[in-house]
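Please read the following briefing alongside the sequence and the coordinates.

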Amino acid sequence: TNSSVFVATCARSFADAPLLRARLPAAPRGSGHSFTRRYDARTAHSDASTALGAPGRQLGSEASMLRAGALLGLRRAASSAPRASHARRARCVSASVSGPRYAAAAEGAPRVTLYTKEGCTLCDKAAEVLAAVRGEADHALEAVDITDDGNERWHGMYKYDIPVLHIDGAFWAKHRLTETEAREALAEAQAGRFEARAGEPDAERLERRAQGEE
């Protein structure tokens, strides 16, 4: 009976047991993480099982019970910690590529927007085509990373179709671009005759239709 009470006491939240915290090793210096964050639930469960032993066996010592209680507390803390959002996870593994690529030589030149994300090789090729015609078809180029916070609308629409290009805020092209196409569209924009092209992608809308929501 006394052993059962002691085990139950040890299994309390790790945050409420300063003595137990003192018995745990500190996180390596320079790791940037606390021991609790680095010690995940699976490891805690494994170590707690080892300390507690097989069902029906008695605990070997008070030290084992103290350690088991601490690890069980860690397991609770890890399992109840909020999970990172999709956008936060994306930031952890990739860097934003949003920002101006280059400015126009003259005021009033067409403004091209490239919707992209890190690692998009087709996007890089589209940017190279635009840079190649820059001398004869003046324009400014700005990149918008669809995975950035605040760009959920663009991610929902363009997630399967980047690169997507706009001229002065109107849809222009997607996937691939030739130098001839770039010259023609930018000349239209410079003359004030550019109109949005048909076929602008909208992945979320297609998904809703497929699910019968529209």
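**Briefing on side-chain interactions**

Threonine 113 is found in strand β2, which spans residues 111-116; helices (H or I, at least four residues) and strands (E, at least two) are DSSP runs, numbered from the N terminus. The model is a predicted one, in which local features need pLDDT of at least 70 and side-chain atom pairs count only at pLDDT 80 or more, whereas totals for chains, interfaces and linings use all residues. Residues are numbered from 1 along each chain as its sequence is written, and side-chain values use heavy atoms, with hydrogens and water left out.

- With a relative accessible area of 7%, threonine 113 is buried, where buried means under 20% relative accessible area, exposed means over 50%, and partly exposed lies in between (1.4 Å probe, protein chains only).
- Not counting residues up to four places away in sequence, threonine 113 touches Glu142, Val144, Val164, Leu165 and His166, a contact being heavy atoms within 4.5 Å.
- Threonine 178 is found in the loop between β5 (170-174) and α9 (179-190), and this threonine 178 is partly exposed, with a relative accessible area of 38%.
- Although threonine 178 and lysine 125 are 53 residues apart in sequence, their C-alpha atoms are 9.7 Å apart in space.

**Disulfide**

- The structure holds one disulfide, a term that denotes a pair of cysteine sulfur atoms within 2.5 Å.
- This disulfide joins cysteine 120 to cysteine 123, with an S to S distance of 2.1 Å, and both cysteine 120 and cysteine 123 are buried.
- The torsion about the S-S bond of cysteine 120 and cysteine 123 is about 75°, so the disulfide is right-handed.

**Aromatic pairs and charges over rings**

- A pair of aromatic rings is described by the distance of the centres and the angle of the planes.
- The structure holds three aromatic pairs; rings of Phe, Tyr and Trp (its six-membered ring) pair if their centres lie within 6.5 Å, and planes under 30 degrees apart count as stacked, over 60 as edge-to-face and the rest as tilted.
- In one of these pairs, the rings of tyrosine 115 and tryptophan 154 have centres 4.7 Å apart and planes at 45°, so the pair is tilted.
- That pair links distant parts of the chain, since tyrosine 115 lies in strand β2 and tryptophan 154 in helix α8 (residues 152-158), 39 residues apart.
- Tyrosine 115 is buried, with a relative accessible area of 6%, and tryptophan 154 likewise counts as buried at 16% relative accessibility.
- In another pair, the rings of tryptophan 154 and tyrosine 158 have centres 5.5 Å apart and planes at 20°, so the pair is stacked.
- Tryptophan 154 and tyrosine 158 both lie in helix α8, four residues apart, about one turn of the helix, and both are buried.
- Through ring pairs, Tyr115, Trp154 and Tyr158 are linked into a cluster.
- The charged end of arginine 153 sits over the ring of tryptophan 154, 4.2 Å from its centre; a charge sits over a ring if NZ of Lys or CZ of Arg is within 6 Å of the ring centre and within 35 degrees of the ring normal.
- The charged end of arginine 134 sits over the ring of tyrosine 102, 4.0 Å from its centre.

**Salt bridges**

- The structure holds four salt bridges, each being a side-chain nitrogen of Lys or Arg within 4 Å of a carboxyl oxygen of Asp or Glu.
- Glutamate 207 forms a salt bridge with lysine 159, the closest N and O atoms being 3.4 Å apart.
- Glutamate 207 lies in helix α10 (residues 203-210) and lysine 159 in the loop between α8 and β4 (164-167), so the pair ties together parts that are 48 residues apart in sequence.
- At 28% relative accessibility, glutamate 207 counts as partly exposed, and lysine 159 is partly exposed with a relative accessible area of 23%.
- Arginine 183 forms a salt bridge with glutamate 179, the closest N and O atoms being 3.0 Å apart; these two residues, four apart in helix α9, are separated by about one helical turn.
- Arginine 183 is partly exposed at a relative accessible area of 29%, and glutamate 179 counts as partly exposed at 35%.
- Glu136, Glu179 and Arg183 are linked in a network of salt bridges.
- The side chains of arginine 197 and glutamate 188 meet in a salt bridge of 3.4 Å, N to O; arginine 197 is partly exposed at 31% relative accessible area, and glutamate 188 is partly exposed at 21%.
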